[in-house]
Amino acid sequence: MPAIRPYVLADTNWKHLKDENFDLAILPWGATEAHNYHLPYSTDVIEGTEIAEESAKIAWEKGAKIIVLPTIPFGVNTGQKDIYLDINLNPSTQFAILKDIITVLDRQGIKKFMLLNSHGGNNWKAIIRELGLLFPEMFLCISEWYKLANDPKYFEEPGDHAGEMETSMILHLAPHLVLPEIEWGKGSEKQNTIRAFNEGWAWTERPWSKISEDTGVGNPALSSPEKGKVFFNEVCKKMAELFVSIANTDINELYK
């Protein structure tokens with residue numbers, strides 16, 4: 001049987017926790033949504049949970065006092081309301097959930113909190129800004145691991161959703177949930193006819209069923225479990241360094 005991991009709240013127990021103190025709580029937040037034809041609806045949850053727990057293991061072994069909270073499995077999917085069983089949480093709902101969680105941490109003396117985001121549709125900055133006013137003694141921050149995929153040493157065409165990066169990650173983390181390659185969609189994305197939205201200096205929500213035939217955005221053809229393993233390990237190494245830095249830093253001495 002695997003050992004109980006003291007840095008994972010879902011694993012541990014009151015016997016251990018009644019005398020424990022943590023410096024940093026990490027909350028992975030994913031989504032439940034279609035990922036092309038071939039990846040599971042739990043893709044974002046799998047990625048966020050595995051990265052949080054492996055990174056926490058590395059950080060714990062370096063002496064950081066951290067705890068990983070259970071992953072939130074639903075995210076903002078307002079642009080996918082007609083995709084069957086894509087489950088949506090509105091930003092106002094996310095705010096309410098976070099407020100309740102942070103209230104517990106603040107009351108119990110865990111004053112540092114990281115939201116480890118695993119879904120691009122979740123937009124946290126405005127929420128964190130507002131919560132920061134409500135909890136002035138808390139250090140609140142966000143990390144979005146998937147942005148590290150833009151380094152060309154990992155992937156030739158990482159893709160935005162269920163492309164080379166995410167397919168490689170799930171081939172490494174949960175290969176039994178990936179359909180055979182013959183089932184993979186091409187992940188072609190239709191562009192907005194107004195150029196400004198494609199150039200990134202204007203924004204409108206993408207209606208997913210209109211931009212993608214297979215719900216993917218990014219070609220998975222170059223994916224491999226080997227690429228997924230390399231990227232996963234690098235992400236966890238970097239994330240662990242961040243966990244350690246936050247846990248060990250005096251939040252009153254962040255700027256010099």
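Guide: Let's begin with a term: helices (H or I, at least four residues) and strands (E, at least two) are DSSP runs, numbered from the N terminus. This is a predicted model, in which local features need pLDDT of at least 70, side-chain atom pairs count only at pLDDT 80 or more, and totals for chains, interfaces and linings use all residues. Residues are numbered from 1 along each chain as its sequence is written, and side-chain values use heavy atoms, with hydrogens and water left out.

Now find H35, in the loop that runs between strand 1 (24–29) and helix 2 (43–61). With a relative accessible area of 0%, H35 counts as buried; that word means under 20%, while exposed means over 50% and partly exposed lies in between (1.4 Å probe, protein chains only). What does H35 touch? Leaving aside residues up to four places away in sequence, H35 touches P40, T43, D44, H161, A162, E166 and T215, where contact means heavy atoms within 4.5 Å. With E166 there is also a polar contact, side chain to side chain, at 3.5 Å. Such a contact is a pair of N or O atoms within 3.5 Å; within protein, one must be able to donate a hydrogen and the other to accept it, and residues adjacent in sequence count only if both atoms are side-chain atoms.

Helix 2 has 19 residues and reaches 27 Å from its first C-alpha to its last, close to the 27 Å expected, a span taken as 1.5 Å times one less than the number of residues. After helix 2 comes G63, with a positive phi near 95°.
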